[in-house]
Amino acid sequence: MPSAGTPTAAPRRGGRRMRPSRLLFVLITVGLPMVLYLGLVIWPFLQAIYYSLTNWGGFSSSMDFIGLDNYKAIFSDDVFMKALRNNVILAILVPLVTVVLSFVLATMVTVGGSTTGAVRGLKGSSIYRVVSFFPYTIPAIVIGLIWAQMYDPSKGIVNGLLTHLPFGLGDRFNSFAWLGETATAMPASIFVIVWGFVGFYMVLFVAAIKGIPAELYDAARIDGAGRLRTMFSVTLPMIRETVQTAYIYLGVLALDAFVYMAALNPTGGPDNSTLVMSQDLFKTAFSQGQYGRASAMGVVLAAVTLLFAALVFGVNRLLGGKSDK
Amino acid sequence: MAQSNFAVNRRTVLRAALAAGITLPISGALASCAGGGSSGGSGGQSTGKTSANNPFGMADKSSVDAVIFNGGYGVDYVTFAGKIVEKNHAGSTVKVSPSTQISQQLQPRFVSGNPPDLIDDSGAQSIGVNTIASQLEDLAPVLEANNLEGTKIADTLYPGVKERGMVGDKMLVLNYVMTIYGLWYSASLFEANGWQPPKTWDDLIDLGAKAKSKGKYLFCWGKEAATYYQTMVMDSAIKEGGDEVRLALENLKPGCWSLPAVQGVLKKMEQIVKAGYMKPGGAGTQFTAAQAQWSKDQAAILYPSGSWIENEMKSQTKAGFKMTGIPDPTLTSSSKMPFEALNAAPGEQFIVPTKAKNGAGGKEVLRAMLSKDAATNFAKTKLAPTIVKGTVPSDGFGSTALQSQIKMLDAAGEKVFNIRFVDLYGTNPDMLVPWNSFLSGQLDAAGLTKALQGITDKVAKDSSVKKVDIK
């Protein structure tokens, strides 16, 4: 219709051969991103995999091919295995806690309000939304540094408040090293990550819940469903895709976690209890000069991340298949 | 709709962040592709004629490219020496570039065969020297040359400079700043309480009790610096057992942490921890905050550290603190080395790459730095002695810490040693972990011994790590 004036944009009926302008269009829209993708994403990946099979030290162009020795070395290295384990713990707990918490909060501010009249959130919900989104606007490294100070055993605000607890409870927090005890270092670090992300995912879920037709809630309410029942039987199934997406992003973030962990516990925490793979990778490359081995760690990290994403997709499909019926 | 766009952006960001983590090690190699095989031997070297005023044959009107670690000492002391070189070699220029990420920034330049002419390879992100040993110049000729006043440089230095710089059979590193390890305290605080600076571990334990009665702790520590206590323990153990202990540790011998001298000291340290003389919470405290507990709050009365401590805590030291250093304590009266023996290691590693375009120029800058004017300038402005003797007047430019450093060095004479394996093999991050547990009382001396032995054994057995034979 509008193409009538321009002969080059003729209808494609019967024409299997591309016209030059169309070819140009395809090259620009598909070819250019493809080249960028191959050059900046795929090629470095392949290079990393290649380096992981060498003993490259990082400071010369010479390296020997050593097969899978790097992988053997890192899988028999208890420090790396501990870092891998910590990453798995993070990948399980961080998304779970964040998603549950932000889903509950999102429900409260959108559909958790009064049960009479139109479906709506709690009073003053926009204030809660702003307040809880606020941490997300602060860069991760700043969050890490602020919390590292707040957790300081002698002068941090956390112990400053806790030591005033009554009945002698407060004494237990005198100079208590939140980031220095094996039992608390990891939970304290997870708390910081969750604190930083709950607001963002709450807003994400709020947007998804707003897209659910109000009639569904009205119908559920007429049928006698309470708040909890509505949450699990209406809200959750309707925003399942968003929850899955949130789960994957948070998992990828937890598998990296470099910035938070490096700011909170640059040395890996007591007994390496907060060391993550990316920190071990950084140390192996830059302070021990074993770039080949560090590349192998990177490859393992990438593989674990892909595996995690596949797992979340798989679980969602399994659960989704049931509720679709 | 808008929602899903946002989500895509978010994912891209996350993926980019992840990719950055993975591709970090590769960036150097990519740069090497860009460099395009310019790594042909030492082709870039341009040299002029050697003469008395130009012992390394720095080319006329050439430029020197120096990359200097911009840490506690800054870079202006190299600029100062550069000015001297520019004056002595009219038409030549010395460009000093500060850097805090030596390893990351210079890695691509090494790979592409275009390294700078002089590097101060120091700081947390320094390059492990044994990983680039084959690409570095022998700096022994610098010590053999005369300084700008006409004296042979080797004759003007404190002992241990050459030994500390040896990698294999060549002196590849010239460490410029004299660093003295010991215990630091406030002379005014000790005077006010009538305390004597401790000379033995038993003195230390007595002092711990006295401090406790005044509501103070003997020591405090920070999580990134827990291994300062490892240095103190090793120093004492080396004084107790002599070179035999030092060489066992340095060459990562099996069972080195179980030697009687090491164990004797560790037992005493354990006693201090168990008696509650350590300020609790160190494993969760950032190290400069912990150091301020000693220098400002005076919650702890002693701190084991290197002599950089005065400069590092300058802005957070109580007025009238009178910071003073003493050597690390001895274990028994029959120790192989006396109390005065000192762990004094020159630090700030200067290196000259073989493939540098103007390596002779780099050495010429070093020669200027080792001459009287530049060395005195350093001591005066940084309040730390260089490896050049006799640049600090007895008033220590008004610093009690500097006075005590010179006093310790003079008292030690030739009885100076140092410990290199931790830096050589980059094991400090691993060692911090058990030390933090030990100092907070979660691990006993036996557990610490086992953990440390595990770390040294791992390096010793790893055939991909090149070992340096230390004598």
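Start at Phe282(A), which counts as partly exposed at 25% relative accessibility. Here, buried means under 20% relative accessible area, exposed means over 50%, and partly exposed lies in between (1.4 Å probe, protein chains only). This model is predicted: local features need pLDDT of at least 70, side-chain atom pairs count only at pLDDT 80 or more, and totals for chains, interfaces and linings use all residues. Residues are numbered from 1 along each chain as its sequence is written, chains are lettered from A and ligands numbered from 1 in the order in which they are written, and side-chain values use heavy atoms, with hydrogens and water left out.

Now look at the rings. Rings of Phe, Tyr and Trp (its six-membered ring) pair if their centres lie within 6.5 Å; planes under 30 degrees apart are stacked, over 60 edge-to-face, and the rest tilted. Over all chains, a search of the whole structure finds 39 aromatic pairs. One of them joins Phe133(A) and Tyr136(A), a tilted pair with 5.6 Å centre to centre and 50° between the planes. Phe133(A) is partly exposed, at 26%. Tyr136(A) is also partly exposed, at 21%.

Phe282(A) and Phe286(A) form a tilted pair too, with centres 4.9 Å apart and planes at 55°. Phe286(A) is buried, with a relative accessible area of 5%. Both sit in helix H12 (residues 277-287) of chain A; they are four residues apart, so about one helical turn separates them. Helices (H or I, at least four residues) are DSSP runs, numbered from the N terminus. Ring pairs also link Phe282(A) and Phe286(A) into a cluster whose members include Trp56(A), Tyr291(A) and Phe110(B).

Next, turn to the two chains together. In chain B, 54 residues are in contact with 55 residues of chain A; contact means heavy atoms within 4.5 Å. The area buried between them is about 4,500 Å², and carbon and sulfur atoms give 60% of it. Buried area is the accessible area (1.4 Å probe) that two parts lose on being put together, summed over both.

Four salt bridges are counted between chain B and chain A. Each is a side-chain nitrogen of Lys or Arg within 4 Å of a carboxyl oxygen of Asp or Glu. Arg293(A) and Asp462(B) meet in a salt bridge, at 2.8 Å from N to O. Helices H1 (2-35), H3 (102-111), H11 (287-295) and H17 (428-439) of chain B each give two or more residues to the side that touches chain A. The largest share of that side, 17 residues, comes from H1(B).
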